[in-house]
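I opened the model today to look up a few local features. My notes follow.

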Amino acid sequence: MLRIYVWGYLAFLAFPILIITLFAFHASPALTFPFEGVSLRWFADLWADPNFVSAFKNSVIVATVASILTSILGTMVALALIRLSPKPRAALSFISFAPIALPGLFIGASLLVLFDRLGIYRSLVTVILAHTLFCLPFFVEAVRSRVAYFDLDLELAARDLGATRWQAFRLVTLPLLLPTIIGGAILSFALSFDEIIITVFVVGEQSTLPFYILSLLRRTVTPLINAASVLAIIFTLLVLMLAGTVLWWQARREKSARIGEGVVG
Amino acid sequence: MSTTALVELKSLGKAFGNFVALKDINLDIQRGEILTLLGPSGCGKSTLMRIIAGFEQPSSGQLLLNGSDMVALPPEHRPVNMVFQRYALFPHLDVFDNIAFGLRLKKMPETEVRDRVRKMIDLVQLGPMADRWISEISGGQSQRVALARALVNEPQVLLLDEPLAALDLKIRQLMLAELRRIQETTGTTFVYVTHDQDEALVLSSRIALMDHGRIVQLATPDQIYFQPNSMFAARFLGETNVIEGIVTSIGKSKIHVTMSDGVIVSSQNATSIRVGDTVNAVIRPEAVVAIADGKRTATGPNSFKAQLKSVVPIGGRLMATALLPDGTSVRFQQPRLDSQVNFDSGSQVQISWPEHVVSVLPKET
Amino acid sequence: MEKLKAAFADRRERSGFLLAAPAFLFLVALFIVPSFLLFIASFWQFDNATIVPTFTLSNYLEALSRRAVLYSTLTALKIGFWSGLISTVLSFPVAWYIAFKTRSNVLLYLVLLSWFSSYLVRIFAWRTILGTQGIINSALMSAGLIDKPLEFLIFSPLAVIVTLVHIFVPFTLLLLLSALRNVTPDHLDACRDLGGTRFDILRKVVFPIAYKGIIGSFLFTFILSAGDFITPQLLGGRSGMTVGFMISNEFRVSGNWPAGAAMAILLLIVFLAASALTTRLFRLLRLAPGVRYHPLQNPASASRR
C-alpha cells in the first residue's frame with residue numbers, strides 16, 4: 001500500500017517535468033497531444049535570440065560568483081558555530097537562518113529600498129548580493145550537521161605536531177570538510193541559477209535566465225519556454241552530476257589512500 | 001494457582017526468508033521466576049523475546065499464556081511488557097508521564113493512575129526525579145524509569161532486553177541488585193535477555209543457554225556452570241580447561257578418561273558418551289589445586305605433575321598456567337592474601353582436582 | 001590546569017567570533033538593516049510620485065481600510081493554508097516510508113532531484129497540463145466526455161495550490177524526514193507494548209516527538225506560499241490577486257513603497273499570529289512536547305521547558 005503511494009508521489013513530482021521536456025521537442029507549436037513529430041526548432045530559435053544567450057550567460061556568472069561568496073561566508077559560519085559557546089552560537093544560527101523563514105517578497109522589497117537609499121544602481125552586482133543572502137542559510141543548514149561531527153581536537157593535534165594555525169586549517173580542516181563544502185557550493189549554484197522572486201526586485205537592465213523565462217511567460221504561451229526550461233534543467237543536472245563525480249572521485253581517492261594503493265594517473 | 005507453567009513455548013520456530021532464527025524451541029516459564037535467555041549475539045534470544053512480546057510472529061509452533069494461545073494477540077493486548085535495551089523513553093514526556101503512559105492508554109481514572117505511578121516511583125526510588133525531563137536524567141535513572149514504565153502495568157511477564165548493556169560497570173552491578181530486589185517485591189515473572197554470563201549467573205532462577213537458534217541447555221546457574229552439557233556451554237560461561245582423552249570405562253557413578261599422562265575420573269552423569277569415544281574432560285580453573293613439587297603427596301587419578309609456564313598476580317588472585325608433560329596447558333587460580341607469590345615460573349608443581357568437578361563432554365566436530 | 005583549559009576555550013571562542021564576523025556583517029548590512037529600513041519606510045509618505053521621509057500612520061490606515069487588501073490577504077492565506085496542509089500531508093507517508101521502511105536513500109535523492117527543476121518551469125508545466133487548451137482538457141474533449149474546456153482547472157486557486165504543492169513538497173519531505181529520524185523503531189514498539197493502537201502511536205508518540213518538523217513543514221510552506229506573488233499571478237486568473245502581488249506592484253510598478261512596506265509589515269504580523277496560533281493549537285491537542293499532564297511532584301526543583 002505504502003509502496004504504491006510512494007510511487008504515486010514520485011509520479012506526481014516527475015510528470016509535469018516530463019511533459020515539459022517532451023513538448024520542448026515537439027515539431028508543432030501546439031502544446032497538446034497528439035504528438036506531431038520531433039524537432040529541435042525551438043532550441044534553434046532560442047539560440048538565435050540574443051536576449052536568451054545573454055540572460056543565460058548572466059545567470060551563469062551570477063550563480064558562480066554567488067556560490068563562491070556563499071561558500072566562503074558559509075564555511076566560516078559553520079566553523080564558527082562549532083567554536084562558539086551556546087549563547088552566541090544560538091544567536092548566530094538564528095540570524096543565519098532567518099532570511100529563508102521569510103517570503104522572498106520581504107527580502108526583495110527591503111533590498112530594493114536599501115539599494116535605492118544608498119544610490120546603488122541595480123545591476124548584476126545587486127543580484128549577486130541578493131542571491132548570496134538567499135543561498136547562505138541553505139548552505140549553512142546543509143553544512144552544519146556534517147561540521148558538527150568535526151573533531152576540533154584534530155586541529156589541536158596538528159598544532160601540537162608543529163603546524164601553524166593556517167597550516168592546520170589548510171592541511172587538516174579543509175581537506176576533511178571539502179566534500180561537504182563542495183556539496184553546499186553546488187546547492188547554492190543551483191538555488192541561485194533558479195532564483196526569481198527576490199531577483200525581480202533587484203535585477204537591473206541585464207536579465208537573468210529565470211527573468212527572461214518570466215517575461216516570455218507573461219507575454220504568450222510559446223514552446224520556446226519549454227526549450228528554455230529544458231536547457232535550464234539540463235544545465236542544473238549537469239552541474240549536479242559534475243559535483244557527484246567530483247565527490248565520488250574524492251571518496252575513491254580517500255579510500256584507496258587509506259588502503260595504501262595510490263590511484264593511477 | 002494452577003500448576004501449569006505461566007508461559008509455554010511448544011516447538012516454536014521462526015525463519016526470516018531463508019535464514020532460520022529459531023528452531024524447535026520448547027520452553028516452560030514458571031510463575032515468579034527469573035528466566036534468562038543467554039547466548040552470543042545472533043543466537044536468536046532477542047527474536048524469541050520479540051515473539052513473546054508480540055512484535056514478531058512465529059513461523060511455526062505454539063505460544064501459550066496460562067494455557068491459552070497468544071499468537072494471534074497483538075502486542076498491545078498481551079499482558080506482557082518490555083524494557084528496551086536503549087530504554088525507548090518518550091523524550092516529549094517527563095518521568096512521571098512516561099510511567100503513566102500505559103495506564104492512561106488503558107483509560108484508567110486519572111486519580112488511580114497518579115496513585116499507582118507514585119507507588120511505582122517509590123519502588124524504583126525515583127522520588128526526587130519525578131518531574132525531570134528524560135534529557136535531564138542519567139543512564140541508571142533512565143533504566144529505572146523504563147522498568148517502572150513497564151511494571152506499573154502489572155504485566156504477567158516482564159521482558160528485559162539486555163537492559164544493562166548501555167550502563168557502565170559500577171552502575172550495572174548496582175542495578176543487578178536493584179532488579180533482584182524489585183523482582184522479589186513485586187513477584188513478577190522476568191524473562192531476561194543478555195549475552196553477559198555474569199549477569200545471568202547473578203540474577204537467574206534458570207538460564208536457557210542459546211546458540212544458533214536453539215536452546216542448548218536449560219538449567220539453574222549452578223548446574224549450567226559446574227555441569228555444562230556441551231563444549232559450547234562450558235566455553236560460554238567463564239574460563240575452562242579442556243583436556244582431550246579417550247573414555248576407558250563407564251561405571252555406575254564414575255567415568256574414566258585416559259590421556260597420555262594419566263587418568264582423569266569424573267563422578268558427573270555421563271550423557272551420550274560410550275567407551276572408546278574421544279572426549280574432552282572439562283575442569284574450571286578455580287577447581288584446580290596446585291602444590292609445589294617438593295611437598296608432593298600421593299599420585300593417582302586426577303593428579304598430575306606439571307611445569308609452571310606463567311604466573312600472573314591479579315590483585316587478590318593468582319592466575320597461573322601449567323604444562324602437563326604432553327604439552328596440554330592447564331590454567332588454575334588461587335586466592336592471595338599478600339604480595340607474596342608462592343610459585344616461580346618454570347618450577348615443577350603438582351596439580352589435582354576432585355572427581356565431581358570434571359565434566360566429560362563429547363568432543364566438538 | 002583549569003586555567004589553561006579556560007585559556008584554550010577563550011581562544012577558541014575568540015577565533016569563533018572572528019570567523020563569524022564577515023558573515024555577520026554581511027547579514028547585518030543586507031538583512032537586518034534593510035528589514036528595519038522597510039519598517040521605517042512604512043511610515044513615510046508618498047506624495048506626487050515622490051517619497052517623503054516623515055512619520056505618518058496613513059499607510060497603515062489606508063491598507064486596513066481597503067477592501068482589496070482584505071480580500072487579497074484572505075486569498076493569500078487560503079492559498080497558503082491549503083498548500084501547507086496538502087504538502088505536509090502528502091509528504092508524511094513518504095517520509096515515514098523512508099525513515100522506517102527502507103534503508104536506502106535513493107528515493108530521497110530522486111525527490112531532491114525534482115527540487116532542482118526550476119520554479120518557473122513547474123509553473124509553466126502546470127499551465128500546459130491544466131490550461132484551456134491543455135493536456136487534461138484536450139484529452140477529455142477528444143474522449144467526448146466534455147464539450148468545452150473545464151475552466152476551473154486553470155486561472156483558479158486550484159491551479160495555484162496544485163503548483164505550489166508541487167513546488168514545496170520536496171522541502172516538506174526533507175523537514176519531516178529529519179524530524180522522523182528522532183523517532184526510533186523502539187519508540188513505536190514501546191507504545192504498542194504499553195497498549196497503544198496504531199492511532200495512539202501516531203498521536204501520542206510520533207507527532208509529539210516529530211512536532212518541530214511537522215509544524216515547521218506546514219508553516220514554512222504556508223508562509224512561502226501565502227507570500228508568493230508569481231504563481232498566483234501566472235496561474236490564478238482573477239483569484240491571482242493576492243496581497244503579495246499587490247505589495248510587489250507597489251514596489252515595482254507604482255513606486256509607492258510606503259504603502260507596500262506597510263502592507264508587508266501587516267502581512268508579517270498576520271504570519272506571526274498564524275504561527276503562534278498553530279503552535280497553540282498543537283499544544284491544545286496535546287501534540288506538542290514539553291507539557292506535563294500531572295501536578296508537580298517536587299515543585300521546588302522542577303525545570304521548565
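I looked up Leu85(C) and found it in helix α3 (residues 67-101) of chain C. Helices here are DSSP runs of H or I with at least four residues, numbered from the N terminus. Leu85(C) has 33% relative accessibility, so it counts as partly exposed. Buried means under 20% relative accessible area, exposed over 50%, and partly exposed lies in between (1.4 Å probe, protein chains only). I also checked Leu85(C) against Glu62(C): 23 residues apart in sequence, 32 Å apart in space, C-alpha to C-alpha.

A note on the source: this is a predicted model, where local features need pLDDT of at least 70 and side-chain atom pairs count only at pLDDT 80 or more. Residues are numbered from 1 along each chain as its sequence is written.

Next, I looked at α7 (residues 157-180) of chain C. This helix has a kink of about 45° at Phe168(C), shortly before Pro170(C). The bend is the angle between axes fitted to the seven residues ending at a residue and the seven starting there. In α7(C), 18 of the 24 residues are buried, so the rest of the structure largely encloses this helix.

Last, I looked up a nonpolar surface patch. Its members include Ile234(A), Met241(A), Val106(C) and Leu113(C), and the patch has about 630 Å² of accessible area together. Patch residues have over 30% relative accessible area and no salt bridge, and nonpolar side chains are joined within 5 Å. A salt bridge puts a Lys or Arg side-chain nitrogen within 4 Å of an Asp or Glu carboxyl oxygen. Accessible areas come from the Shrake-Rupley method with a 1.4 Å probe. α11(A) gives the most, with 4 residues. Leu113(C) sits in helix α4 of chain C.

Notes
Chains lettered and ligands numbered in written order. Heavy atoms only, no water. Helix = DSSP H or I, 4+ residues; strand = E, 2+ residues; numbered from the N terminus. Patch = residues over 30% accessible without salt bridge, like charges linked within 9 Å, V, L, I, M, F, W, Y side chains within 5 Å.
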